[in-house]
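Here is a friendly briefing to read alongside the coordinates. Open the model in your viewer, and we will go through it topic by topic.

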Amino acid sequence: MLKFSGIDEARLKASWVSSAEAPELVHEFTSFIKELRELGPSPLRADYRRELV
Amino acid sequence: MTNSIAEFEGADCIFIIGSNTTVAHPLIATRIYRAKKNGAKIIVADPRRVHISEVADIYVQQKMGTDVALLNGIMNVILEAGWHDQAFIDERTEDFEKFRKVVAAFPPEKAAEVCGVSADDIRAIAELYGRADKASLVYCMGITQHTTGVDNVKSLANLAMLTGNLGKESCGVNPLRGQNNVQGACDMGGLPNVFTAYQPVTSSAAAEKFARAWGVESLSTTVGMTIPAMLEGLAGGSLKGMFILGENPVVSDPDVNHVKKALEKAELLVVQDIFLTATAELADVVLPGVSFAEKDGTFSNTERRVSRVRQAVTPAGDARQDWWIIQEISRRFGYAMDYDSPQAIFDEMTSLTPSYGGITYERLEGDGLQWPCPTSDHPGTRFLHKDKVARGKGLFHAIAYQPPAEVVDAEYPLWLSTGRVFAHYHTGTMTRNSPTLDAEIAEGFLELSTDDASRLGIADGDWVSLSSRRGSIEVRAMVTKRISAGSVFMPFHFIESCANVVTNPAHDPICKIPELKVCAVRVEKSARLS
Amino acid sequence: MIDVIRDKVKELLDSGEIKGFLGLVRKNGHIAPHLFQKGDDLGAMSLGDDKVAGDARYPLNKFLINLAKAYPEETFAVLVRGCDDRGLQTLYTWNQLNPKKVVPVGITCPQELADACECLKPFPAVITAGECAQPGTPRSVAAVDALVMSERFSYWMDEFVKCIKCYGCSNVCPMCFCNECTLKCDDLVKGGELPPEIPVFHHTRAMHMVGRCIDCGLCEEACPSNIPLRTLYKKVGSIMEEQFDFTTGAVRGQRSPLNKIDFAEGRK
Ligand code: SF4
Ligand code: SF4
């Protein structure tokens with residue numbers, strides 16, 4: 001759906017992490033944040049409409 | 001509206017000024033969206049970046065109360081560039097010369113100084129509108145609710161006539177009338193100076209005609225009182241009582257503190273409504289009327305279309321049909337009205353009203369009819385002034401810019417405008433009783449520009465106090481880029497933070513409409529905790 | 001076609017098999033939903049074609065749910081097209097209607113409507129009257145797929161920004177039957193804004209159309225902002241087809257695979 005709407009799929013990530021796997025969770029977050037940084041700002045943020053409110 | 005709603009779809013250019021179209025008239029916005037898809041250029045001019053501006057090809061943010069300056073600037077460019085329609089002007093209008101002189105002396109640079117829209121933008125608007133084959137004007141209360149309301153409307157009429165955009169399909173001057181039946185209320189003579197369909201009460205012929213129909217010797221030919229005059233009368237003691245139907249002036253009228261004081265002085269106040277409004281709470285007698293779903297009759301909408309409304313549910317509790325209440329009161333006063341249905345009243349009305357003369361309940365089945373519809377074989381009128389302007393010749397008015405009645409100063413440094421939000425209608429008598437709509441927007445707010453907010457040390461959601469020469473209220477701030485620095489905006493639906501405590505009751509000298517769209521205010525951070 | 005339907009409805013009413021027939025009536029110059037009961041004049045009945053075929057359709061199944069709630073013991077007949085039939089199957093599956101209490105009266109759609117709807121099955125399973133048209137050819141989804149990413153984004157944002165948050169799309173939807181609506185949850189879609197937060201508002205609704213949308217197109221017809229909602233939900237449907245081989249409403253009792261996962265895990 002994201003792709004259909006012109007939004008890079010890489011901006012959404014779903015991973016299965018158990019409550020017992022804290023390091024996994026941290027890893028998922030840090031790596032995803034890194035990936036997002038590389039992608040640059042979201043088109044949704046750049047959109048002037050959001051800045052109105 | 002001179003033209004019809006569906007005709008917007010065929011326009012080449014639509015110029016929207018002083019109308020928050022998607023919020024207040026969403027189904028007109030539908031047609032504008034479709035026009036855009038069909039290739040029309042959309043121009044929006046509004047001191048607030050209203051939602052419809054999202055689809056605009058040109059959006060400009062004029063300063064509040066400077067519409068005449070903006071329009072004169074646009075017309076100056078059109079004249080200079082020769083985009084005006086000389087043939088139309090020669091054949092169908094008069095008094096062009098006087099008008100031309102005023103506009104010629106108002107170049108876009110001068111307009112820009114007054115209205116804050118750049119001369120280039122003014123030129124761009126003039127080009128889009130002036131060169132379009134079919135250009136349509138849309139306006140609403142942002143144009144009319146000013147001390148210069150009549151001037152503003154006449155300027156728009158000037159613009160349409162100048163470019164020959166009158167009396168043709170998909171053109172014209174199109175005021176969007178409120179709700180479903182404001183047009184109908186005016187058509188039925190719900191104004192102090194006219195009988196039905198604008199037949200003047202001062203005309204002895206009209207007065208005689210109505211006197212004969214109602215079986216009385218004569219009717220007064222004196223113009224009645226406007227709302228401001230009535231309130232003055234109550235305050236001064238010359239008026240003793242008031243009967244208010246379906247209005248809530250304690251929330252909707254300017255300077256409500258003054259309104260309340262005036263109403264409290266009335267010896268008898270009767271209010272007829274469907275809910276116990278703030279105004280009804282002040283009343284000596286409250287009469288329960290009926291809602292749209294509980295009544296039979298007709299509505300006349302903004303495009304002059306008369307259509308039937310049919311009772312869908314039985315009136316709640318002790319509520320009575322509005323026409324029945326009026327009839328009973330009249331009977332007890334000694335004049336026995338004797339209608340047995342809304343249809344009987346309608347039939348009498350059409351027999352006395354030339355522009356409704358050809359309309360019957362039978363003919364209203366389906367899509368209804370647009371007046372003027374003078375005879376029973378007349379198909380109704382989609383757009384006015386075809387071939388010939390209704391009054392004979394279209395009259396140009398030479399109009400010079402005048403500032404609003406109250407301008408900002410050191411004490412009250414900000415401009416305030418009031419308006420609507422999508423979830424509510426007017427004083428919220430109906431919409432604030434709807435859980436879904438109330439959940440959307442439950443309380444009032446003050447839109448404040450990001451610049452002013454940081455200057456005043458106000459954050460989004462903070463309580464602020466808003467004051468004018470009339471009074472002061474507390475309300476939460478909404479910090480936004482929708483509005484420019486120096487201006488603030490507030491919806492007037494909410495009695496808890498009632499915008500009309502601060503608005504200015506100064507009114508247009510001709511039509512008496514109050515200047516709800518601009519006054520000078522001060523905003524301060526409130527002591528109240530957020 | 002309408003005479004066959006009239007005869008059928010008369011027969012059902014006369015036999016006492018049904019309490020009423022939920023269909024359409026032409027009245028006061030408009031076409032509107034109507035419950036025909038025994039002895040009623042069936043002459044004013046309409047099949048929902050006003051100026052062009054199928055331009056006066058209503059979510060009859062949605063009204064049927066209310067009727068069934070108010071009169072749980074009674075059986076009602078209802079006018080169904082192909083999409084309404086898909087709707088009925090899904091509503092049975094979700095226990096919103098009891099198939100034992102519903103008698104579908106099926107009509108087919110003409111080719112022009114099937115083409116306009118890009119409808120894959122323009123007729124119900126049981127046909128009371130009419131000839132089956134060929135499935136329409138899908139176009140609208142492919143037209144968006146043909147755009148490059150940035151164009152797609154501005155295409156949809158330019159459409160979504162026109163939204164006036166009237167909830168027309170969900171109010172008209174015959175498959176919107178939740179008691180609480182996500183679109184009205186302030187944490188997901190902040191209230192009071194116009195346009196509502198985009199694309200979140202429209203994507204949220206699209207996600208909720210998974211296993212629900214039966215592609216009747218009433219949402220797009222109702223939308224006063226002319227947003228191509230049907231294209232969006234058609235995409236949802238085609239993803240379900242491609243990934244899970246699932247067509248909403250094709251088989252009674254078949255729940256959306258996304259719900260099935262829940263059952264398999266025993267988490268309900
Ligand atoms: S989607 Fe259109 S063509 Fe298909 S059954 Fe429904 S109305 Fe008929
Ligand atoms: S019907 Fe259209 S305008 Fe109304 S809420 Fe749905 S998408 Fe928005």
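With a relative accessibility of 14%, below the 20% limit, C:Lys234 counts as buried. The model is predicted, so please read each value below as computed from predicted coordinates. The briefing begins with the salt bridge of this lysine, then turns to other charged pairs, a chain interface, a ligand shell and some backbone details.

**The salt bridge of C:Lys234**

- The side chain of C:Lys234 meets that of C:Asp215 in a salt bridge, with 2.8 Å from N to O.
- C:Lys234 sits in helix H10 (residues 229-244) of chain C, while C:Asp215 is in the loop between H8 and helix H9 (218-222), so the pair ties together parts that are 19 residues apart in sequence.
- C:Asp215 is buried too, at a relative accessible area of 16%.

**Other salt bridges**

- Salt bridges with shared partners join B:Glu406, B:Asp409, B:Arg469 and B:Arg470 into one network.
- Over all chains, the whole structure has 43 salt bridges.
- One of them links the side chains of B:Glu443 and B:Arg476, at 3.1 Å from N to O.
- B:Glu443 belongs to the loop between helix H18 (435-440) and strand E15 (445-449) of chain B, and B:Arg476 to strand E17 (residues 472-480) of chain B, so this pair ties together parts that are 33 residues apart in sequence.
- B:Glu443 is partly exposed, with a relative accessible area of 40%, and B:Arg476 is partly exposed with 26%.
- Another salt bridge brings together the side chains of B:Asp462 and B:Lys525, at 3.4 Å from N to O.
- B:Asp462 lies in the loop between helix H19 (450-456) and strand E16 (463-467) of chain B, and B:Lys525 is in strand E21 (residues 519-525) of chain B, so the two tie together parts that are 63 residues apart in sequence.
- B:Asp462 is buried, its relative accessible area being 12%.

**Chain A and its interface with chain C**

- Chain A has three helices and zero strands, giving the pattern α-α-α along the sequence.
- Of the 53 residues in chain A, 21% are buried.
- The accessible surface of chain A is about 4000 Å², and carbon and sulfur atoms account for 60% of that.
- The size of an interface is often given as the accessible area lost when the parts come together.
- Between chain C and chain A, the buried area is about 1500 Å², with 71% from carbon and sulfur atoms.
- On the chain C side, C:Met149, C:Phe153 and C:His203 lose the most area to chain A, together 34% of what that side buries.
- Zero salt bridges are counted between chain C and chain A.

**The shell around ligand 2**

- Which residues come nearest to ligand 2? Of the 14 residues around ligand 2, they are C:Cys163, C:Cys166, C:Tyr167, C:Cys169 and C:Cys223.
- Helix H7 (168-172) and helix H8 (200-208) of chain C each provide at least two residues of this shell.
- Sorted by class, the shell around ligand 2 holds 10 nonpolar, three polar and one charged residues.

**Cis peptide bonds**

- In chain C, the peptide bond joining C:Ile198 and C:Pro199 is cis, with omega about 0°.
- C:Pro199 is located in the loop between H7 and H8 of chain C.
- The bond from B:Trp371 to B:Pro372 is likewise cis, with omega near 0°.
- B:Pro372 is placed in the loop between strand E12 (369-370) and strand E13 (394-395) of chain B.

**Positive phi values**

- B:His385, found in the loop between E12 and E13 of chain B, has a positive phi of about 60° although it is not a glycine.
- B:Ser170, which is not a glycine either, has a positive phi near 60°.
- The loop that holds B:Ser170 runs between helix H9 (149-162) and strand E6 (173-175) of chain B.
- B:Ser170 counts as buried, at 4% relative accessibility.

**A buried threonine beside chain C**

- B:Thr30 is part of helix H2 (residues 26-37) of chain B and counts as buried at 6% relative accessibility.
- Leaving aside residues up to four places away in sequence, B:Thr30 touches C:Pro224 and C:Asn226.

Technical notes
Residues numbered from 1 in each chain as written. Chains lettered and ligands numbered in written order. Predicted model: local features only at pLDDT ≥ 70, side-chain atom pairs only at ≥ 80, totals over all residues. Heavy atoms only, no water. Helix = DSSP H or I, 4+ residues; strand = E, 2+ residues; numbered from the N terminus. Buried < 20%, exposed > 50% of the residue type's maximum accessible area, 1.4 Å probe, protein only. Areas by Shrake-Rupley, 256 points an atom, 1.4 Å probe, with all protein chains shown as cover. Near = heavy atom within 4 Å. Nonpolar A, V, L, I, M, F, W, Y, C, P; charged D, E, K, R; others polar. Buried area = accessible area lost by both parts, 1.4 Å probe. Salt bridge = Lys/Arg side-chain N within 4 Å of Asp/Glu carboxyl O. Contact = heavy atoms within 4.5 Å.
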